[in-house]
Structures are given as C-alpha cells and as structure tokens.
Amino acid sequence: MNLSMKLRGLGWAVAALLAFTAPALHAATYYLRAGATGANNGSDWTNAWGRTSNINYSILQPGDTVYIAAGTYGPLNILRSGAAGQPLVYKRATAAEHGTA
C-alpha cells in the first residue's frame with residue numbers, strides 16, 4: 001500500500017470519528033431562573049430565561065442541557081426534542097451538579 005492510500009484511509013477514519021463526536025462537542029448549557037433580571041437569553045444564571053414561556057427553543061440543539069433553578073413556573077411545554085443518543089435535557093439545578101441560582 002502506498003503512502004497516498006494510507007493517508008486517504010487515515011482521512012476517512014478521522015472524518016468518521018469527527019462525525020460521531022462533533023455533535024457532543026457542541027452541546028450547550030442554558031439556564032431558567034424565576035426572577036432573573038439580565039438579558040433573558042439563557043446564557044448563565046444572571047441572564048437566565050425568567051419564565052418557561054421565554055425559553056428560546058429555536059437555539060436548543062440535541063445534547064443541550066437546560067438547568068432549572070428552584071422556583072415557581074408556569075407549564076413547561078417541550079417544543080423541541082433531541083436525537084438518538086443526544087437527548088435534550090431539562091434538569092433541576094443542584095449545587096453538586098451545576099451551582100445554584
């Protein structure tokens with residue numbers, strides 16, 4: 001096998017590896033906290049979405065996590081889902097996992 005064929009085979013192997021790992025590398029974390037007073041974009045606790053109706057579903061992608069701080073909220077209507085092996089996760093925020101609100 002010549003060098004060109006070896007490099008081509010290596011290229012396919014790298015491409016396959018990236019195809020399976022790239023979505024997980026881009027998973028984002030968002031925040032929901034009643035009474036948040038920042039930009040209301042979900043980017044951190046200060047700028048968290050203040051109500052469930054403020055969640056920007058258009059930016060959520062498979063593998064993303066939305067942490068929900070303790071509080072009282074209206075209904076949570078799940079308008080977007082993940083994908084096989086990459087669920088969209090909604091989680092109660094805890095100090096052990098991701099700080100507190």
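**Figure 1. Burial of Thr 52 in the predicted model.** In this predicted model, Thr 52 is buried, its relative accessible area being 11%, which lies under the 20% limit applied to buried residues. The residue is located in the loop that connects strand β1 with strand β2 (65-68). Its side chain approaches the backbone oxygen of Pro 75 at 2.8 Å. When neighbours within four places in sequence are set aside, the contacts of Thr 52 are Leu 32, Tyr 73, Gly 74, Pro 75 and Leu 76.

**Figure 2. The largest nonpolar core.** This core comprises 9 residues, namely Tyr 30, Leu 32, Trp 49, Ile 55, Tyr 57, Leu 60, Val 66, Ile 68 and Leu 88. Strands β1 and β2 are the elements that each supply two or more of its residues. Apart from this core lies another one of 7 residues, including Tyr 31, Ala 36, Trp 45 and Tyr 67. In soluble globular proteins, nonpolar side chains tend to be buried together.

**Figure 3. Surroundings of Ile 68.** Ile 68 belongs to the largest nonpolar core. With residues up to four places away in sequence not counted, Ile 68 touches Leu 32, Trp 45, Tyr 73, Leu 76, Tyr 90, Lys 91, Arg 92 and Ala 93. Leu 32 is itself a member of the largest core, whereas Trp 45 is listed in the core of 7 residues.

Figure 4. The chain has a mean pLDDT of 81, with 71% of its residues at 70 or more. Where pLDDT is low, the predicted coordinates should not be read in detail.

**Figure 5. Overall arrangement of the chain.** The secondary structure consists of 2 helices and 3 strands, in the order α-β-β-β-α from the N terminus on. Of the 101 residues in the chain, 23% are buried. Among contacts with a separation of 6 or more, 42% involve residues 24 or more positions apart. The accessible surface amounts to about 6,600 Å², and 60% of this area belongs to carbon and sulfur atoms.

Definitions and conventions:
Residues numbered from 1 in each chain as written. Predicted model: local features only at pLDDT ≥ 70, side-chain atom pairs only at ≥ 80, totals over all residues. Heavy atoms only, no water. pLDDT = per-residue confidence, 0-100. Helix = DSSP H or I, 4+ residues; strand = E, 2+ residues; numbered from the N terminus. Buried < 20%, exposed > 50% of the residue type's maximum accessible area, 1.4 Å probe, protein only. Polar contact = N/O pair within 3.5 Å; in protein donor to acceptor, adjacent residues only side chain to side chain. Contact = heavy atoms within 4.5 Å. Core = buried A, V, L, I, M, F, W, Y, C linked by side-chain atoms within 4.5 Å. Areas by Shrake-Rupley, 256 points an atom, 1.4 Å probe, with all protein chains shown as cover.
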